[in-house]
Each structure stands twice: as structure tokens, then as C-alpha cells.
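Me: Could you walk me through a few features of this protein, question by question?

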Amino acid sequence: MSQNKTHHITIESPVSEVGYSKIYELSSGETISSSIELLQIDLDTVVFESATQNTIQQVTINQIDAQTTIICDCDYEQKRLCPHQSQTLLQLIKDTNLMLFFNKEMRVQKLKQKAFDYGLEDVQELDDHFILSYEQNRLNITPKNPALTPVTQEHLSTLKASITPEKPTNFNSEDSLFVVISRHKYFNTFQLDLCSAKTTKQHKPKNPIATADLQQHLWEASELASMKFHIGLDRFKNRATEELSQLDIEALRTIIRNPLNYPIYYTNKSDSLSASHLSPIETRLLPTEITLQVSKYKETYEISAQLELHEKTHNLNDLQIHYGCFLEIGSSWYLVEKLPVIHIIRTLTKQSGKMIIAESAFGEFRKQFLDSLENHMPITYTFIKKASTRQLAVSDYLEDMEKIIYLTDHGSHVMLIPVMRYSDVEISVRSNRQVYGRDLKGQEFLVNRDMEAETELISLLIKQHPDLYEQLENPLDHFYLHKRKFLDEDWFLPVFEEWGNHHIRIFGFNELEGNKINPGKAQVDIKVHSGLNWFNASIVVKFGAKKASLKKVQVAVKNKSKYVELGEAHWVCYQKNGSNALKSFSLPATSRMMIY
């Protein structure tokens with residue numbers, strides 16, 4: 001044996017011949033409590049890390065010919081194996097997989113088993129063809145040349161299958177299709193599967209139950225509703241996230257409409273599908289709003305939720321809630337379609353069905369949270385009474401009302417936000433916000449919204465474009481149109497005129513990006529004043545409230561243009577109205593004309 005300053009111990013034997021007795025003979029007899037971790041291993045060399053509570057040492061074991069060298073970076077001074085060297089050497093010789101890197105005879109036998117798959121079992125130097133690696137406590141044997149291909153029955157079957165056209169899956173005519181809602185095996189969320197099985201005389205599924213190929217059914221679907229249905233199911237297959245997006249809600253809405261009338265079942269088992277665990281359910285869209293109720297007590301405010309369904313009031317805390325978005329009432333599951341409401345349901349569920357706010361903090365809580373939430377769900381403040389006749393008489397909430405449409409850019413679309421103004425309060429018509437006022441004594445009161453006038457505004461909008469009608473079911477507080485469709489003069493000119501006829505004020509049109517069009521129609525006013533041998537003609541051309549230059553109008557008529565330029569804007573001009581009116585009016589050469 002020999003030693004140097006780095007505590008370098010050399011044993012005149014290969015690792016395969018270093019047994020337990022040899023290690024005990026060379027060790028100092030000292031013991032330590034440490035954990036040993038493999039850092040790196042290759043043929044004839046290995047590096048371990050020996051960690052105690054206070055120190056971390058690195059031990060390297062090298063095998064060169066018939067010698068074994070053990071190096072430790074500790075400051076051990078005796079001419080024997082230090083405790084770290086003894087433990088790591090013991091760790092090495094008792095692990096058969098690690099010893100393959102040091103014992104060529106063992107390694108050859110192991111490599112022959114792998115080489116047989118490649119037809120190389122009779123090759124002498126298998127180390128030239130295969131690589132040993134050890135990762136995550138697992139031994140791996142891979143070809144050095146990645147192009148080397150195994151010729152096993154399993155691999156040949158895989159190759160053969162890859163060039164064999166897949167036969168379409170055809171369901172037995174006796175099989176029935178149905179949808180299963182189940183809990184995810186690993187996550188707190190649900191998933192949807194389209195399944196098939198034979199059925200009993202009572203039309204209940206029988207085992208075995210198989211999951212259907214959604215892609216195949218989507219390919220075979222011919223109706224748009226059926227396509228959306230299968231796309232929606234595919235979106236919730238093996239779903240791993242609990243959070244829902246608006247697109248998820250749209251998909252669930254399509255599934256619940258169930259255009260193919262598939263039976264729907266629920267199971268609370270997540271590991272397998274069994275007919276005995278399936279419970280039939282009816283899935284529906286929640287036909288009513290969930291109302292948040294705010295009650296005042298001595299020093300606190302209590303917030304809870306309830307809904308009216310089938311002439312019965314249900315407290316949210318008394319209902320079975322599935323995955324935060326389905327309410328179980330009777331044998332039906334009702335889908336909550338608004339994401340903010342779903343978030344409130346989940347919040348209340350975590351807090352025993354209610355929130356309690358201190359009186360001193362309620363004002364800020366209402367301002368920062370409840371006022372915004374009221375855009376998405378109705379809120380009833382039990383301590384705020386409806387306005388009395390006297391309070392209404394003093395205020396002007398019901399006399400000073402106005403219909404408004406706000407226009408704003410939204411990417412390549414234009415948002416149309418219908419609003420009703422009650423005195424100094426503006427309410428988005430598609431929201432659930434209430435109108436609150438205060439009397440001269442500072443007493444807050446509730447003003448009923450004019451639902452008839454608001455409905456008239458919505459009804460007018462949705463019949464003016466098919467895209468707007470299709471958006472009636474979405475939970476947004478606005479409608480939207482692609483800017484190209486919105487700025488089509490064949491559409492927006494008559495629409496703006498109709499809005500004007502219904503006394504609807506429009507805000508934001510001139511602020512739309514890239515818009516230089518005036519929504520007013522051309523109006524030509526010609527007045528003639530005459531004397532004995534003279535007459536004056538005054539001609540005024542207007543687009544809405546804007547006057548246009550007569551010269552520029554004449555140029556537009558001559559060029560058969562639809563547009564008249566004034567300043568930096570372009571005003572739309574209907575030739576069948578304004579242009580023809582100017583064409584039909586002519587003046588003698590000697591006449592005088594006054595243009596305003």
C-alpha cells in the first residue's frame with residue numbers, strides 16, 4: 001500500500017477481488033453516519049458523495065489493470081481507509097449493477113443478453129458496441145451506434161404495425177354511445193368521455209365499457225352542432241386543470257345541448273369505468289340567476305348566495321356543488337355559465353357558504369369588489385329599501401333617462417356597449433347592476449330599472465345584424481362586430497339613422513382607429529330668393545351636423561365618388577340622395593348664387 005497527501009489509497013487488487021474482509025482489514029475501524037450519493041460512473045471509475053450532518057466529502061474509485069485506487073478529499077491522516085472510503089467501497093461492491101462497470105466478466109454476460117436482440121451475441125468485444133449508463137437508480141444498456149436496430153419479435157411487430165393501414169373502429173350495432181362525467185385520477189377536476197357498451201333491457205350500460213374514438217366520430221359528423229359537440233368532449237378528455245376559461249364554458253354549453261341525445265352518466269370513481277358505478281343524470285343550463293344576498297347585522301355584514309328555481313328558493317350552501325360549476329338540484333346538474341359567478345361559488349364553498357365583513361371595512365369592500373361583481377350577477381342588499389314615492393318625486397331617475405351606445409376598439413373588432421342612463425347613473429343594459437340613489441337625508445334607496453326600455457334597446461340591436469343576434473346568449477356586457485362589417489356604409493349608415501330615430505346617443509365613433517367616415521347621410525337644402533330681374537340661390541349640403549364645401553361636393557358628383565372630403569375626414573355621401581339632388585339643379589349663366 002502507499003499513500004500521499006490527498007489520502008490516496010491504492011489496493012493491489014481489482015475491485016472485483018476486494019471483498020468485505022479486505023475492506024475491514026484496511027479500514028481504521030472508525031464509523032460515521034452519512035448518506036452516500038452516486039455522482040458519476042463510467043467503465044472502471046466511479047465518483048460518490050458522502051454527506052454527514054456537518055461535512056460533504058467526495059470519494060473517487062478508479063480501477064487500472066489490477067489496481068484499485070480510492071481517493072478522498074478529506075483531511076484523514078492515517079494510512080488506512082478513512083470512514084468515507086470504507087463506506088463508499090462497501091456501497092460499490094454490494095451493488096451488482098454498479099459492479100458491472102468494474103467486472104468485465106459480469107459485464108460481458110449482461111451485454112450478451114442485450115446483444116442477442118441485435119444478433120451480436122457472438123461478438124468478442126461487446127464494449128465496442130454497447131454503452132452502460134446508470135441514471136435514477138436504473139441500469140441502461142444502449143447501442144453506441146444509434147442506427148443499430150434490434151431484430152426482436154416485439155420490434156418487428158411494431159415496425160410491421162407502423163406500415164399496416166389502421167382499420168377504422170366500427171361499433172357493434174348493438175352498442176350504445178353515452179357520455180360519462182368522472183373525477184380525474186390525480187387532479188381535483190372532472191373529465192368527460194364518450195363511451196360505448198351494450199345495454200340491458202332497461203337501456204342501462206353493461207360491462208365492459210369502452211371509450212370511443214372522438215376523432216373518428218368528429219370526422220364522421222356532418223352537422224355543425226355535432227362537430228362542436230365532439231370537439232367539446234375532446235377538450236375535456238383527460239383534463240388536468242381545475243380552472244375554466246370562457247372557451248371551456250362554451251364547450252360545456254354545447255355538450256349540455258346534446259344534439260345527439262346521448263345519455264349522460266356520472267361516476268365518482270376515477271380508476272376505472274364500471275356499469276355498477278354509473279348514475280344517470282340530466283345536465284341543463286341554469287335558467288335563472290344566482291343572487292348574492294347582503295344582510296346587515298350589528299357590527300358585520302353577511303354575504304350568502306341563493307337562487308329561485310321551480311318556484312322554490314335554494315340556498316347555495318344547501319346544494320351539492322360539483323367541481324365548482326355544476327349545481328345538483330334533484331336529478332339534474334345545472335351548469336353555471338358565468339366565470340365570475342363560478343369563482344364566487346368556489347370562494348363561498350371554501351368559507352362554509354358565506355362571507356362575513358366587518359362594518360368598518362364594508363364600504364371599501366363594496367366599492368372595490370361588490371360594485372364590480374354586480375356587473376355579472378344580481379346583488380340584493382336587504383338593508384336598502386326600494387325608493388318611496390316621495391323619494392322618486394324629489395329625484396329625476398325615472399324622468400331623466402337616455403339610451404346610449406358606446407363604441408370602442410377591440411383589436412380588429414368594434415365593441416358595442418348598450419347603456420341606459422338614469423339621471424347621473426349609467427348602467428350597462430346587459431349587466432345586473434342596480435340603480436341606487438340618496439335622498440336629502442343621505443338615506444340610500446333602490447330605483448327599479450326600466451326593463452321595458454332596456455329590452456327595446458337590446459331588441460333593436462340584435463335585429464340589425466345576424467352576428468349580434470348570435471351573441472345574445474353570451475354573458476358579456478357588450479356586443480361586437482368585425483370592423484370591416486361595422487364600417488360597411490351599406491350597414492352602418494341606415495343603422496345610425498335608425499338609432500337617431502330612436503333617440504339613441506352614440507359615443508366613440510370618431511375615436512375608432514382608422515375611421516374617417518361621418519355617419520350622417522347627405523342632406524341638400526336649396527332656397528331661392530328672387531326680385532324683378534334677379535334671384536339668389538342658397539345651397540347648403542350637410543352630412544349630419546357637418547356642412548360640406550359645395551365645390552368639393554360638385555367634384556365628388558362629377559367623379560361619381562361616394563365620398564366628399566372636408567378637412568382631415570371623409571364624409572359618406574349617398575349618390576342616390578345628395579348627388580342626384582345636385583345634378584337635377586342647374587342655374588342660368590347670369591344668375592348669382594350664395595353658398596353657405
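Predicted model: local features only at pLDDT ≥ 70, side-chain atom pairs only at ≥ 80, totals over all residues.

Me: Is K338 buried or exposed?

Reply: K338 sits in the loop between β19 and α9. Its relative accessible area is 17%. The cut-off is under 20%, so K338 counts as buried.

Me: Which side chain meets the side chain of K338 in a salt bridge?

Reply: In general, side chains of opposite charge can pair when their charged atoms come close. Here the N to O distance is 3.4 Å.

Me: How many residues apart in sequence are the parts tied together by E289 and K338?

Reply: E289 lies in the loop between β13 and β14, while K338 is in the loop between β19 and α9, so the parts they tie together are apart in sequence by 49 residues.

Me: Which residue has its backbone oxygen 2.9 Å from a polar atom of the K338 side chain?

Reply: Leaving aside neighbours within four places in sequence, K338 is in contact with E289, H376, N432 and P475. Among them, the one whose backbone oxygen lies 2.9 Å from that polar atom is H376.

Me: What length does helix α15 reach from its first C-alpha to its last?

Reply: Helix α15 covers residues 489–501, which makes 13 residues. At 1.5 Å a residue, 18 Å is expected, and the helix comes close to that, reaching 18 Å.

Terms used: Residues numbered from 1 in each chain as written. Heavy atoms only, no water. Helix = DSSP H or I, 4+ residues; strand = E, 2+ residues; numbered from the N terminus. Expected span 1.5 Å × (residues − 1). Buried < 20%, exposed > 50% of the residue type's maximum accessible area, 1.4 Å probe, protein only. Polar contact = N/O pair within 3.5 Å; in protein donor to acceptor, adjacent residues only side chain to side chain. Contact = heavy atoms within 4.5 Å. Salt bridge = Lys/Arg side-chain N within 4 Å of Asp/Glu carboxyl O.
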